[in-house]
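This report describes selected features of one model, grouped by topic. Please read it alongside the sequence and the coordinates.

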Amino acid sequence: MRWENLTEGPAGPAALFGAGAVVTRTIDTPEFRGITFHEVRARSIVNRVPGASRMPFEWTVNPYRGCSHACVYCFARKTHSYLDLDIGLGFDSQIVVKTNAPELLRRELAAPRWTGAHIAMGTNVDCYQRAEGRYRLMPGIIEALRDRANPFSILTKGTLILRDLPLLREAAEVTEVGISVSVGFTDTALWRTVEPGTPSPAARLNAVRTLTDAGIECGVLMAPVIPFLGDSPAQLRATVRAVAESGATSVTPLVLHLRPGAREWFTAWLGEHHPHLVERYERMYAGGSYAPTWYQRMITRQVHELAAEFDIGPARRGAARSIAAPDRPEGPGPAGATQLTLL
């Protein structure tokens, strides 16, 4: 692992971690068996999204690298190669933990150059993966954002977000907060093979229900819709119906995209579990990382039609996904939040 190229020294200001800041731990408990944590002291935590990105936000915070969710399609796998870590099983089991993330965020938000822009979380790897149960970085991060009244959004597959529900409500009283849960399908057989480290789709939708029952508006990112495995009319119908029953405020479909790194790992998985589909995928993704436009439009149209049938509005660019603050006897309520969307 090339930590020496990423710590202070010859790398200078571009270094990611402070000198001598990496501590590697293996924890032999059932929930973390097989996972190695690399605890680091990061030098920065607020990251600018590259200008060429399709993301509708400019700044992110990622307290972890690598993800024990082990989603075979995860587009962030390539980032592990920057540390000379394996993008396959290494991405799933070698987790980099930025232990100073909360204190570093407080410092960066207080800097004169920071203008209070929206910060997105969970857009690279999940900030509520299993490691968060041990390191508890998110409460400090949310508190830092709350104390500066800085708008933010969270996208997650992790039900652990419910632990921080009181903090999210507090933040929503002073700033714009967007919450979205990712549920691409409800097929349990498919879930067990492509997202083996995540809470089940049913558990995630139960979390949506808990959030909405607590007065927190929560949208569902229906992602990914997996061609030939999770895109049948019956599967789409079952998923949208379950999303509607969860009380989600919106549903936004996103077809599987296969960036370099993720593409190789997903193709290897496909060859092992569904070899008859390898050629079809090669044809479908011959043009690059994204499925053909006609296919994406077809899926979007079907999901929107189902959403209308089940009385749940499809997410619109710029629509609000904010946490509703409790009613107060006087004074204006919080402003509407900017939607978190990956479309």
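## Strand S10 and its sheet

S10 and S11 are paired in the parallel sense over 4 bridges; two strands count as paired if DSSP finds at least two bridges between them. The model is a predicted one: local features need pLDDT of at least 70 and side-chain atom pairs count only at pLDDT 80 or more, whereas totals for chains, interfaces and linings use all residues. Residues are numbered from 1 along each chain as its sequence is written, and side-chain values use heavy atoms, with hydrogens and water left out. Helices (H or I, at least four residues) and strands (E, at least two) are DSSP runs, numbered from the N terminus.

Within the pairing with S11, Leu221 has Thr252 as its bridge partner. Strand S9 (residues 177-182) is joined to strand S10 (residues 219-225) by 3 bridges, and these two strands also run parallel. Val181 stands opposite Val220 in S10. Of the 7 residues of S10, 7 are buried, where buried means under 20% relative accessible area, exposed over 50% and partly exposed in between (1.4 Å probe, protein chains only). Pro224 is located in strand S10, and the peptide bond that joins Ala223 and Pro224 is cis, with omega about -5 degrees.

The open sheet consists of 7 strands in the order S3-S4-S7-S8-S9-S10-S11, with mixed pairing. Strand S3 (46-48) and strand S11 (251-255) are the edge strands, each pairing on one side only. On average, neighbouring strands of this sheet are turned by 25 degrees against each other, direction ignored; axes are lines fitted to C-alpha atoms, for helices over the stretch in contact, and angles run from 0 to 180 degrees between N-to-C directions.

## Second largest pocket

The second largest pocket has a volume of about 220 Å³. On a 1 Å grid over the protein atoms alone, a pocket is an open set of points with protein on both sides within 12 Å along at least five of seven lines, a cavity is a set where a 1.4 Å probe fits but cannot get out, and lining residues have an atom within 4 Å of a point. Grid points are joined across faces, edges and corners, and the volume is the space filled by probe spheres set on the points.

S3 gives the most to this lining, with 3 residues. S3 and helix H2 (101-110) each supply at least two residues. Among the lining residues are Trp59, Glu108, Arg113 and Trp114.

## Aromatic contacts

Rings of Phe, Tyr and Trp (its six-membered ring) pair if their centres lie within 6.5 Å; planes under 30 degrees apart count as stacked, over 60 as edge-to-face and the rest as tilted. The count is 8 aromatic pairs. Phe32 and Phe37 are edge-to-face because their ring centres are 5.4 Å apart and their planes are at 80 degrees. Both Phe32 and Phe37 are buried.

Phe266 and Trp269 form a tilted pair, 5.4 Å centre to centre with 40 degrees between the planes. Phe228, Phe266, Trp269, Tyr281 and Tyr285 form one aromatic cluster. The charged end of Arg280 sits over the ring of Phe228, 3.9 Å from its centre; the criterion is NZ of Lys or CZ of Arg within 6 Å of the ring centre and within 35 degrees of the ring normal.
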